[in-house]
Each structure stands twice: as structure tokens, then as C-alpha cells.
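Biologist: I'm new to this one and would like to learn how to read it. Could you walk me through it, starting with the overall picture?

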Amino acid sequence: MSADSIEIDMMELADVGQPTKIAHEIHRQLRARFGSVPRRMPLSQLASAVGIEGIALFDGTSFEGTLVLQDGRAAIGIRKGMRSGRHNFTLAHEIGHFLIPTHRLQRQRFLCETVDMRRVRGGNFSERPEQERIEVEANEFAAALVVPMPEYGMERKALGSACDIAHVRQLAETFDVSQEVMAKIYVLNTDEKAAIITSKGGVVQRVIPQPGFPFLGLKKGALIPNAAVTRSFGLTTANDPISELREVASDIWLERSGNVSAIYEQVFVQEEGWAMTLLLVDEQEDDDEADDRNWNRRSSRYPA
Ligand SMILES: [Zn+2]
């Protein structure tokens with residue numbers, strides 16, 4: 001695909017108001033033209049195809065990204081020095097402010113900070129301040145845009161059915177997004193009951209549970225439990241920074257085990273004290289489906 005080969009039918013986009021649907025309409029148009037959506041979304045070309053005139057990098061800014069509209073013209077600024085996954089998400093977020101019809105009615109200048117890039121839907125959305133709501137919407141657009149789901153499904157399927165924390169980095173590289181963005185997509189789109197916890201130096205940074213995952217009682221700033229594999233493996237990691245998926249005592253992670261029959265933990269130790277922990281739970285069920293799931297699990301990364 002050459003740089004100027006992307007064309008977007010803006011009339012089709014104009015009929016769509018909902019952020020993720022706008023992203024899906026862009027995917028639809030790209031598929032119609034190229035057969036599939038490129039795994040690495042060509043965001044600069046897309047920005048130009050929708051009428052954004054320039055993208056500039058800025059040193060030492062307080063914002064992560066900015067969109068400026070003036071006399072019908074538009075330009076984007078991005079803070080210099082971000083990793084490519086984060087850069088891409090920020091760029092997609094600013095394209096979102098440009099394409100979501102209600103945002104442009106709100107203002108001419110968007111200054112988006114780190115906190116804005118992490119805003120998610122929650123609480124009583126319609127009662128939250130307008131300024132927060134548009135940031136949530138731009139994030140939803142960006143996440144939907146940078147990882148097209150049919151293409152994600154194909155890449156995920158190629159990695160096998162069992163969950164493995166190594167997949168998150170691999171898929172993040174495939175789609176050129178941050179591991180955090182990918183971790184959320186991974187957890188939400190697996191058949192297993194899963195959660196991912198990111199930590200730095202043994203301190204929880206982000207908890208990403210699948211809806212319905214048993215209550216972990218952990219939030220940002222909490223300590224990773226002492227008896228967790230994440231702690232012990234982090235101290236002993238040799239050549240392979242990824243632990244096996246190990247069954248652990250449920251009270252290490254869960255406040256109440258409820259109907260959880262087993263909990264499994266796997267950790268991926270990364271640079272500068274960062275770690276990504278995958279938790280999977282089995283719950284007591286009446287049918288015999290649980291047996292199959294256990295079999296799959298044991299045949300995961302390191303056969304037991
Ligand atoms: Zn924003």
C-alpha cells in the first residue's frame with residue numbers, strides 16, 4: 001500500500017456518529033479496497049485521507065496529543081519520544097476528536113494529557129463532565145481503530161487456543177500498539193476467565209479483569225501478594241523471562257474463592273521492573289466442560 005493510496009469516503013463517515021462505528025466504517029472501506037485491514041494501521045495516511053493537513057512532533061510538552069482546528073483546517077501535534085504503540089494510540093485518539101461529529105462542535109483546540117488517554121467508560125457516563133466524555137469516546141475510537149477485530153481474531157487463533165501471557169507482547173507488536181492496550185483486548189476476547197495485572201517493582205499499576213472475573217481487591221499502588229509467582233519468579237528469572245502457567249492457592253489472589261475451583265498464574269518479567277501477570281480461574285460447573293478446559297491448560301506453554 002503506498003502512502004497516498006488510502007481514500008476515505010467522508011460522506012459515508014458523516015452518517016456515523018458513534019465512535020467505534022466510525023472506526024468500523026474506516027475498516028470497512030479499507031477492506032473494500034485492500035481485501036483486509038493492514039495489521040499496522042497506516043495512521044498518518046489515514047489522517048491525511050480524512051483531511052488533517054499535518055502531524056508534528058513536539059518536545060517537552062505537557063500534552064500527549066493535540067488537535068487544532070482553524071478556519072476549516074486541522075493539524076495534530078504529538079509529544080516526541082513516545083514508544084510507537086503509545087504514539088499510535090495518541091495519534092488515533094486525535095483523529096478521533098477530528099472525526100467524531102460532536103467533538104468538533106465542542107471546541108477548536110484539544111489538549112490531551114496522559115490522564116485523558118487512560119479515561120474509560122464507567123460510572124454514570126452521561127453524568128460525567130463533557131470534557132471527560134469526549135476523552136473516553138476518543139479512546140474508544142482509537143482502541144477500535146488500531147486493532148480491527150476480524151484481523152485480531154485471525155492473529156489470535158494462529159497462536160493456539162490456550163492463553164499465554166507471551167501472546168500479549170506478540171500481538172502488541174503485530175498491531176503496533178502498547179501492551180496495555182493489547183492486554184485489555186486479549187482479556188476481553190478470550191473464552192477463558194482471565195485477568196491481567198501490570199506491575200512495576202512489585203507495585204500494581206493496572207488491573208484488567210474480564211467482566212465477571214472474581215473480585216481481586218487490588219488497585220493501582222497495591223503490592224503484588226508476597227506468595228505470588230510474580231514475586232518469586234521476578235527474583236529468580238534466568239534466561240526466559242516468562243514463567244510457566246502454574247496453579248496457585250486461590251487465597252493468594254482472591255479475597256473470596258466463591259465457586260473458583262482453581263486459579264493459575266503466569267508472569268512475563270519485562271524491562272525496568274515491569275511485569276505482566278496473567279490470572280486464569282476455573283469455576284465449578286455442572287457440565288463436563290471444565291475437564292476439557294483443564295486439559296487445554298495443561299497442554300499450554302510447558303506441558304505438565
Ligand atoms: Zn483527547
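Modeller: Let's begin with terms: helices (H or I, at least four residues) and strands (E, at least two) are DSSP runs, numbered from the N terminus. Keep in mind that this is a predicted model. By that scheme, the protein chain has 13 helices and nine strands.

Biologist: How does the radius of gyration of the protein chain sit against the globule rule?

Modeller: The chain comes out at 21 Å, close to the 19 Å that the rule gives for 304 residues, so it is as compact as a globular protein of that length. If you draw a box along the principal axes, the C-alpha atoms fill roughly 60 × 40 × 40 Å. Buried residues account for 33% of the 304.

Biologist: Which domains is the protein chain divided into?

Modeller: There are domain 1, covering 10-146, and domain 2, covering 191-298. Their centres, taken over C-alpha atoms, are 33 Å apart.

Biologist: Now the sheets. What holds strands together in a sheet?

Modeller: Strands of a sheet pair through backbone hydrogen bonds, and the pairing can be parallel or antiparallel. Here, five strands make an open sheet, and the order across it is β6-β5-β9-β8-β7, with antiparallel pairing. At the edges you'll find β6 (203-209) and β7 (246-248), each pairing on one side only. From one strand to the next, the twist averages 30 degrees.

Biologist: Over how many bridges do β5 and β9 pair?

Modeller: Strand β5 (residues 193-200) and strand β9 (residues 274-283) pair over eight bridges, in the antiparallel sense. To find one in the viewer, pick Ile 197: its bridge partner in β9 is Thr 277.

Biologist: And which strands does helix α10 lie across?

Modeller: Helix α10 (residues 179-188) lies across β5, β6 and β9. Against β5, the helix runs at about 160 degrees.

Biologist: What about β2: which strand does it pair with over four bridges?

Modeller: That's β4; strand β2 (residues 65-70) pairs with β4 in the antiparallel sense. For a landmark, look at Gly 65, whose bridge partner in β4 is Cys 112.

Biologist: Which residues of β4 are on the covered face, and which on the uncovered one?

Modeller: In strand β4 (residues 109-112), Phe 110 and Cys 112 make up the covered face. Arg 109 and Leu 111 make up the uncovered one.

Biologist: One last thing: among contacts between residues at least 6 apart in sequence, what share join residues at least 24 apart?

Modeller: In the protein chain, that share is 56%.

How values were computed. Residues numbered from 1 in each chain as written. Predicted model: local features only at pLDDT ≥ 70, side-chain atom pairs only at ≥ 80, totals over all residues. Pairing = 2+ DSSP bridges. Axes fitted to C-alpha atoms, helices over the stretch in contact; angles between N-to-C directions. Contact = placed C-beta atoms within 7 Å. Domains from an automatic or database assignment. Buried ≥ 20, exposed ≤ 12 C-beta atoms within 10 Å, placed from the backbone. Rg over C-alpha atoms; globule rule 2.2 N^0.38 Å.
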